[in-house]
Amino acid sequence: MKKILPFVALLGLALAQQAKPEDVIKEQCAKAKVVAELWHGFTGGAPKTALENLVVEFNKTQQGRCVRPVPQGGYRDLSTKIKAAFAAGKVPAMAQAYENNIALYLEAKALLPIESLGVKLQGVNLTFLNAVRFRGMVYGVPFNKSIQVLYYNKDLLKKHGAKVPTTLEAFVALSKRLSQAEGGPVYWFQPDASTFAYFFFNLGGSYLQNGKLVLNSKEAVEALTLLQNGVKEGWAKAITSGYINQNLGSGPYAFSVDTSAGYTYYRQGAKFDLGVATLPASKGQAGFGLVQGTNLVVFRQASKEEQGVAKDFLQFVLSPRAQAVFATATGYVPVTEAALKDPVYQGYVAENPDYATIVRQSRYAKFEPALAEWEQIRFDILGQAIKEAILNRVDPKAALDKAQKLAEDLLSGRTR
């Protein structure tokens, strides 16, 4: 059994076994004169614990200052509460934010450029950094970044003498062959914008064309048709209840394209030898994976003292040890190259070689549009079109044409 080294042990913390990190933070901040709140969307599990332990360690280095993480529900809840905080004039010092959230907050002139605080960004993954660069200035520190990878069942492939596919064509062909042999669909997916993005990007799609959002391009129709046909033909299975890893064991499973943040959960759920590979592509290289996850932003309304705490915390977050520990505890990707040389990362990869695959895949990354309205488009318009095509067998082009019209109405202000 491969080991997942616990965050606390890796960082060498001296926390008492009975002390919860949130209780330690409460005590630390009770004594502080300057408290910088960090609103986040981690609802539990390894990410929330890892963040809290990170904060505990940072606060230990402070005199009369502290960071206090404040959970706000899920990410959509978080962005809703941030917008409400603007109206009330009571925003936190820091918050997690997707690229589209940053675009929205910039419309309100609510964010500070990261480098204006004095945070040094040398060595940060340029792909991640460029995604938070607006009008030449960086407005977020990449934080919990995940990348799509190919999870697969080593035992099932071995049973059928099959190798991990490296092209989309081989992936579809093998999924069909294994499904016929096993009597059920072996490629499992969630009918959402994340799954769709993998096929869309690797068929050559781009959401922005000449500065305009296009949801119904020929590549989009081709991607959605491929998924719809997979269900019709019996080689693809749409998971509509819970996460994919929670359904393992309910039928023959060979493949899924899913976030690296699910790595530890897949490991816990798999009763077979789990493999992780870079994504199948169309052009002889690793396929492009969708980058998900947030960045840490700092609000202009924070006091100078809070901004000072934020600056030091962000620099701490980017340190090699903090990056190595946070990433290996959660399945997120280290956002700095220096973290890959840290002994914590090196030791973890020696025990868990699949994790190195996750880092390799992060070099082939694509982002969704950094539009202020993207959250609503992603979930309520494009996401709904994908569900209609997959679950209700609506014609893919018709579903995407409808989505395009709804998105245009939203972007033009005709609807809200």
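A cavity, for this talk, is a set of grid points where a 1.4 Å probe fits but cannot get out, and the residues with an atom within 4 Å of a point are its lining. Keep in mind that the model is predicted.

The structure holds one cavity of 30 Å³ or more, and the volume of the largest cavity is about 30 Å³. Which elements give two or more residues to its lining? They are helix 4, residues 75-88, strand 3, residues 94-97, and helix 5, residues 99-107. Helix 4 contributes the most, three residues. Among the lining residues you can find Tyr75, Gln96, Tyr105 and Thr294. Sorted by class, the lining has five nonpolar residues, four polar ones and no charged ones.

Next, a loop. Asn125 sits between helix 5 and helix 6, the latter spanning 126-131. Is Asn125 buried or exposed? Its relative accessible area is 18%, and the limit for buried is under 20%, so Asn125 counts as buried. Its side chain has two backbone partners to look at. The backbone nitrogen of Thr127 is reached at 2.8 Å, and the backbone nitrogen of Phe128 lies 3.1 Å from a polar atom of the Asn125 side chain.

Last, a pair of helices. The axes of helix 14, residues 343-351, and helix 15, residues 354-361, come within 6 Å, crossing at roughly 115 degrees. On the helix 14 side, the contact is made by Tyr345, Tyr348 and Val349; helix 15 supplies Tyr355, Ala356 and Val359. By class, that contact has six nonpolar residues, with no polar and no charged ones.

How values were computed. Residues are numbered from 1 along each chain as its sequence is written. This is a predicted model: local features need pLDDT of at least 70, side-chain atom pairs count only at pLDDT 80 or more; totals for chains, interfaces and linings use all residues. Side-chain values use heavy atoms; hydrogens and water are left out. On a 1 Å grid over the protein atoms alone, a cavity is a set of points where a 1.4 Å probe fits but cannot get out, and a pocket is an open set with protein on both sides within 12 Å along at least five of seven lines; lining residues have an atom within 4 Å of a point. Grid points are joined across faces, edges and corners, and a volume is the space filled by probe spheres set on the points. Helices (H or I, at least four residues) and strands (E, at least two) are DSSP runs, numbered from the N terminus. Ala, Val, Leu, Ile, Met, Phe, Trp, Tyr, Cys and Pro count as nonpolar, Asp, Glu, Lys and Arg as charged, and the others, Gly among them, as polar. Axes are lines fitted to C-alpha atoms, for helices over the stretch in contact, and angles run from 0 to 180 degrees between N-to-C directions. Contact means heavy atoms within 4.5 Å. Buried means under 20% relative accessible area, exposed over 50%, partly exposed in between (1.4 Å probe, protein chains only). A polar contact is a pair of N or O atoms within 3.5 Å; within protein, one must be able to donate a hydrogen and the other to accept it, and residues adjacent in sequence count only if both atoms are side-chain atoms.
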